[in-house]
Amino acid sequence: TDIHVSDIDLLIRLPYETYKKYNNYHGNGQSALLQAVKTSIEKTYITYKKADGQVVKVDFTDGVSFEVVPCFINRDKSYTYPDTNNSGSWKVTNPKAEIKEMTRLNNQANKNLKRLCRMMRAWKSKWEVPISGFLIDTLAYQFMKKWPYSDKSYLYYDFMVRDFLFFLSQQ
């Protein structure tokens with residue numbers, strides 16, 4: 001649902017043995033894993049790098065940033081990834097299932113879900129609203145599931161934006 005490319009998120013799948021190694025750390029093994037990934041990237045790319053939270057951020061001089069998330073595949077095809085916050089933990093994401101569900105609801109809603117996400121990203125960018133694109137997508141999905149006019153045409157876009165902003169203000 002991006003409106004312009006400023007960063008590219010990458011899940012980098014690592015071997016399970018690497019998970020076991022960092023999971024057995026005394027202390028924040030998640031932070032140690034991100035630092036190891038950062039050090040590995042530094043061997044190839046001489047550019048700005050920062051390991052923080054869940055990502056290693058790599059900024060290039062052309063303005064494009066990569067957010068590298070080291071992860072491990074689970075039996076159900078979801079991914080486990082590190083979170084260095086609050087002394088470290090492991091989180092799970094299932095991006096393929098999330099993409100599939102966003103596409104399903106978008107089609108059911110006459111393509112309005114992704115259009116709403118893009119409009120709200122433009123609003124966020126214009127007014128420098130401190131909200132992540134991921135959160136916009138999540139809230140737009142929740143809104144569109146219940147909005148009674150979700151399958152209507154462009155004629156309803158002013159109502160859609162108005163109602164979504166009201167929904168957003170209640171969160």
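Me: Is the crossing of helix 3 and helix 5 left-handed or right-handed?
Reply: In this predicted model, the crossing of helix 3 and helix 5 is left-handed.

Me: What two values describe a pair of packed helices?
Reply: One is the angle between the axes, and the other is the distance between the axes. For helix 3 (residues 95-108) and helix 5 (residues 133-146), the angle is about 45° and the axes are 11 Å apart.

Me: Which residues meet where helix 3 packs on helix 5?
Reply: Helix 3 brings Glu98, Glu101, Met102, Arg104 and Leu105. Helix 5 brings Phe134, Asp137, Tyr141, Met144 and Lys145.

Me: What makes helix 3 roughly perpendicular to helix 4?
Reply: Helix 4 covers residues 112-127 and packs on helix 3 at about 105°, with the axes 6 Å apart. Angles of 65 to 115 degrees count as roughly perpendicular. The value of about 105° lies in that range, so the name applies. On the helix 3 side, Met102, Thr103, Leu105 and Asn106 make the contact. On the helix 4 side, Asn112, Leu113, Lys114 and Cys117 do.

Me: How do you know that aspartate 137 is buried?
Reply: Buried means under 20% relative accessible area. Aspartate 137 has 14%, so it counts as buried. Aspartate 137 lies in helix 5. Leaving aside neighbours within four places in sequence, it is in contact with Thr1, Met102, Cys117 and Arg121.

Me: What makes lysine 96 exposed?
Reply: Exposed needs over 50% relative accessible area. Lysine 96 has 59%, so it passes the cut-off. Lysine 96 sits in helix 3. Its C-alpha lies 8.6 Å from that of lysine 77, which is 19 residues away in sequence.

Me: Why is lysine 91 called partly exposed?
Reply: Its relative accessibility is 34%. Lysine 91 lies in strand 6 (residues 89-93). Not counting residues up to four places away in sequence, it touches Tyr79, Thr80, Tyr81 and Asp83. Lysine 91 and leucine 113 are 22 residues apart in sequence, with 26 Å between their C-alpha atoms.

Me: How many aromatic pairs are there, by the rule?
Reply: The count comes to 15 aromatic pairs. One of them joins tyrosine 22 and tyrosine 25.

Me: What makes the pair of tyrosine 22 and tyrosine 25 stacked?
Reply: The ring centres must lie within 6.5 Å, and these are 5.1 Å apart. Stacked needs planes under 30 degrees apart, and these are at 25°. Both tests are passed, so the pair is stacked. Tyrosine 22 is buried, at 8% relative accessible area. Tyrosine 25 is partly exposed, at 38%.

Me: Why is the pair of tyrosine 45 and phenylalanine 60 called edge-to-face?
Reply: The planes stand 85° apart, and the centres are 5.5 Å apart. Edge-to-face needs over 60 degrees, so 85° qualifies. The pair links distant parts of the chain, 15 residues apart. Tyrosine 45 is in the loop between helix 2 (29-42) and strand 2 (48-52). Phenylalanine 60 is in the loop between strand 3 (55-59) and strand 4 (65-73). Tyrosine 45 is partly exposed at 41%, and phenylalanine 60 is partly exposed at 28%.

Me: Which residues do ring pairs link into a cluster?
Reply: The cluster holds Phe143, Trp147, Tyr149, Tyr156, Phe159, Phe164 and Phe167.

Me: How do you know that lysine 126 lies over the face of tryptophan 127?
Reply: The distance cut-off from the ring centre is 6 Å, and lysine 126 is at 5.5 Å. The direction must also lie within 35 degrees of the ring normal. Lysine 126 counts as lying over the face of tryptophan 127.

Me: How many helices and strands are in the chain?
Reply: There are 6 helices and 6 strands. Along the sequence, the pattern is β-α-α-β-β-β-β-β-α-α-α-α. The chain has 171 residues, and 35% of them count as buried.

Technical notes
Residues are numbered from 1 along each chain as its sequence is written. This is a predicted model: local features need pLDDT of at least 70, side-chain atom pairs count only at pLDDT 80 or more; totals for chains, interfaces and linings use all residues. Side-chain values use heavy atoms; hydrogens and water are left out. Rings of Phe, Tyr and Trp (its six-membered ring) pair if their centres lie within 6.5 Å; planes under 30 degrees apart count as stacked, over 60 as edge-to-face and the rest as tilted. Buried means under 20% relative accessible area, exposed over 50%, partly exposed in between (1.4 Å probe, protein chains only). Helices (H or I, at least four residues) and strands (E, at least two) are DSSP runs, numbered from the N terminus. Axes are lines fitted to C-alpha atoms, for helices over the stretch in contact, and angles run from 0 to 180 degrees between N-to-C directions. A crossing is left-handed if the near helix is turned anticlockwise from the far one by less than a right angle, and right-handed if clockwise. Contact means heavy atoms within 4.5 Å. Angles under 35 degrees count as roughly parallel, over 145 as roughly antiparallel, 65 to 115 as roughly perpendicular and the rest as oblique.
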